[in-house]
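Here is a briefing on the structure below. Look over the sequence and the model, then read the points grouped by topic.

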There are 2 protein chains.
Amino acid sequence: MTRDWIALDWTTTRRRLWVMRGRDVLDEAVDDGPRPADAASILALVAGRHAGQGVPVIACGPLGPVRDVVPCTPLSGGLWQIDLGDPRVVLNAVPGLAQAEPADMMQGDETRVAGFLALNPGWDGVICLTGDTSRWVHVSAGEVVSFRSFLSGAILSSLAAGTVLGRWLGAAGVDAGAFSDAVADGLSRPEQMLARLWSAHAAATLQGLPEEAARAQILGGLIGAELAATRPFWLGQQLAVMGEGQMPRLYVDALAAQGAPATQADATRMTRQGLIAAWEAITA
Amino acid sequence: MTRDWIALDWTTTRRRLWVMRGRDVLDEAVDDGPRPADAASILALVAGRHAGQGVPVIACGPLGPVRDVVPCTPLSGGLWQIDLGDPRVVLNAVPGLAQAEPADMMQGDETRVAGFLALNPGWDGVICLTGDTSRWVHVSAGEVVSFRSFLSGAILSSLAAGTVLGRWLGAAGVDAGAFSDAVADGLSRPEQMLARLWSAHAAATLQGLPEEAARAQILGGLIGAELAATRPFWLGQQLAVMGEGQMPRLYVDALAAQGAPATQADATRMTRQGLIAAWEAITA
């Protein structure tokens, strides 16, 4: 009989959990909001979804130490067993990946990359994963060769929550023309990024720049500056972009405007697929 | 007899108030923490420091509309009278300055610039004012010719409050060697700024980079990128830097390392001096 297990995607701001039987999803839950990655939080989340004793949980995210150093396969290092002090749950965390120079780390995205490669065997190229950090991961022959992380997403959330720019970042839409102008400007003058953010605020406050254009200018300026920094990653490479919300679409649009077509992948599906790969690696 | 008045420096995170008689300071107070710029807050602050009826308050900060467009003298536009609905206080706000292209605005720094010019008549050059926004103001023949604002300070506060980088930004000291390396790197590759921030976190987490060096890398990277963007402002110009806390010193150090010596001015004194100039302009 195929055993039940739980797949858990843990981030500081959101948890996604699947109750699995082999590769089949029996149940699914999302828990939003910040939560400490401690035993109590994990037990509360897992215990409510499954009555079995000692159900194995395969989790990715900032839970265990970072172990592997690139280049390596995304799941090469096995799993960390973390004792939560409760026999109802056995937690196995996918170790994150580290890079020595430039110093960099990921905890969670290695699992999404593994899921993408499981569904696209033999795929070589660069995967851009958006989120609190946006991360550009160079994949070749099944291995993560190198990567580079940018705090763009965290900066945007922080600006929205704690500064006058929050006024413009709440808008739903993004003006397409203003976005592509801002991407081009960000690409050609990336050093002006922090001035451009304030300038969008000034233009919206004083010159009647519409909200959707102000938002486009902020997002486009950030993404454009990131494209300037990651040119060696995306130029002439096969590209995939994944993440949640509207950001992946904006990255795909920004890349397309530079003549760099990118596939958009479903981050949630890739995460689950990566956790399945990790599960199968220890049960096969 | 010289009349009493109140000088008020209003920012979103801090208020500084002086009870004045002519140019003399009778009393002084600082009120920390966020506060809405409404009648109740201003009255609570002012009424507790002075018993007189109808005492005039000369204030700078984000209180009234932005009126003047550069080039202009920093206090050319007179004062806004703002009715607080209470006869005990007459509020006069120094209007902010706007710039059409690139769109930009300041509310408060025009007063500090006016104070600096009042104490240094005939001074031409560029004044860098640190704070939530760091602002580079080109001054010539007593006029603000152009300026450019960067969200560096607000980004730092947001990162400290809302991200994993807060762990390193709480440190007291800044490693001098790591700081000057980071400034140089920020200057030569400003597009990598958001990657450098995360890289400091990774190096401190995984490679034992000391806290003071991580902090230096974050601050130096930000300031270096800003120096790359403002090169036309500081290159070959007479320079002054002012602001609160340790940031002005770091900007002076960063500029000195580029062969651009800058004078450090006392921002609090310049603010008060600017408010005195505004008061004297309407009472002379």
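Buried means under 20% relative accessible area, exposed over 50%, and partly exposed in between (1.4 Å probe, protein chains only). By that scale A:A141, at 67% relative accessibility, counts as exposed. This is a predicted model, in which local features need pLDDT of at least 70, side-chain atom pairs count only at pLDDT 80 or more, and totals for chains, interfaces and linings use all residues. Residues are numbered from 1 along each chain as its sequence is written, chains are lettered from A and ligands numbered from 1 in the order in which they are written, and side-chain values use heavy atoms, with hydrogens and water left out.

**Two chains and their interface**

- A rotation of 180° with 0.0 Å of shift along its axis puts chain A on chain B, at an RMSD of 0.0 Å.
- Contact means heavy atoms within 4.5 Å.
- On chain A, 41 residues are in contact with 41 residues of chain B.
- The two chains bury about 3,100 Å² between them, and 70% of it is on carbon and sulfur atoms. Buried area is the accessible area (1.4 Å probe) that two parts lose on being put together, summed over both.
- In chain A, the residues that lose the most area to chain B are A:L151, A:L194 and A:W198, together 21% of what that side buries.

**Nonpolar core**

- In soluble globular proteins, nonpolar side chains tend to be buried together.
- A nonpolar core is a set of buried Ala, Val, Leu, Ile, Met, Phe, Trp, Tyr and Cys residues joined through side-chain atoms within 4.5 Å.
- The largest nonpolar core holds 104 residues. Those touching the most other members are A:W136, A:L227, A:L255, B:W136, B:L227 and B:L255.
- Not counting residues up to four places away in sequence, B:L255 touches B:W136, B:L227, B:W234, B:L239, B:V241, B:A260 and B:A262.

**The open sheet of chain A**

- Helices (H or I, at least four residues) and strands (E, at least two) are DSSP runs, numbered from the N terminus. Two strands pair if DSSP finds at least two bridges between them.
- In chain A, five strands form an open sheet with mixed pairing, in the order β12-β11-β10-β13-β14.
- The edges are β12 (143–150) and β14 (262–266) of chain A. Each has a single partner strand, so one side of each is left without a neighbour in the sheet.
- From one strand to the next, the twist averages 20°.
- β10 (residues 125–129) and β11 (residues 134–140) of chain A run antiparallel, joined by five bridges. A:I127 has A:V137 as its bridge partner in β11(A).
- Helix α9 (residues 247–257) of chain A lies across β10, β11, β13 (239–243) and β14 of chain A, at about 155° to β13(A). Axes are lines fitted to C-alpha atoms, for helices over the stretch in contact, and angles run from 0 to 180 degrees between N-to-C directions.

**Strand β4 of chain A**

- How many residues of β4 (residues 55–60) of chain A are buried? Six of its six residues are.
- A:V55, A:V57 and A:A59 point one way, while A:P56, A:I58 and A:C60 point the other way.
- β1 (residues 4–10) of chain A runs parallel to β4(A), with four bridges between them. A:D9 stands opposite A:C60.
- β7 (residues 89–93) of chain A also runs parallel to β4(A), through five bridges. Here A:P56 stands opposite A:V90.

**Loops and backbone details**

- Most residues other than glycine have a negative phi, and most peptide bonds are trans.
- A:A141 has a positive phi near 50° and lies in the loop between β11 and β12 of chain A.
- B:A141 also has a positive phi, about 50°, and is exposed, with a relative accessible area of 67%.
- A cis peptide bond joins A:E101 and A:P102, with omega about -5°. A:P102 is in the loop between β8 (96–99) and β9 (104–106) of chain A.
- In chain B, the bond from B:V70 to B:P71 is cis, with omega near -5°.
- A:D124 sits in the loop between α2 (109–119) and β10 of chain A and is partly exposed at 35% relative accessibility.
- Leaving aside neighbours within four places in sequence, A:D124 is in contact with A:V139, A:S140, A:A141, A:G142 and A:Q238.

Definitions and conventions
Least-squares fit on C-alpha atoms with pLDDT ≥ 70 in both.
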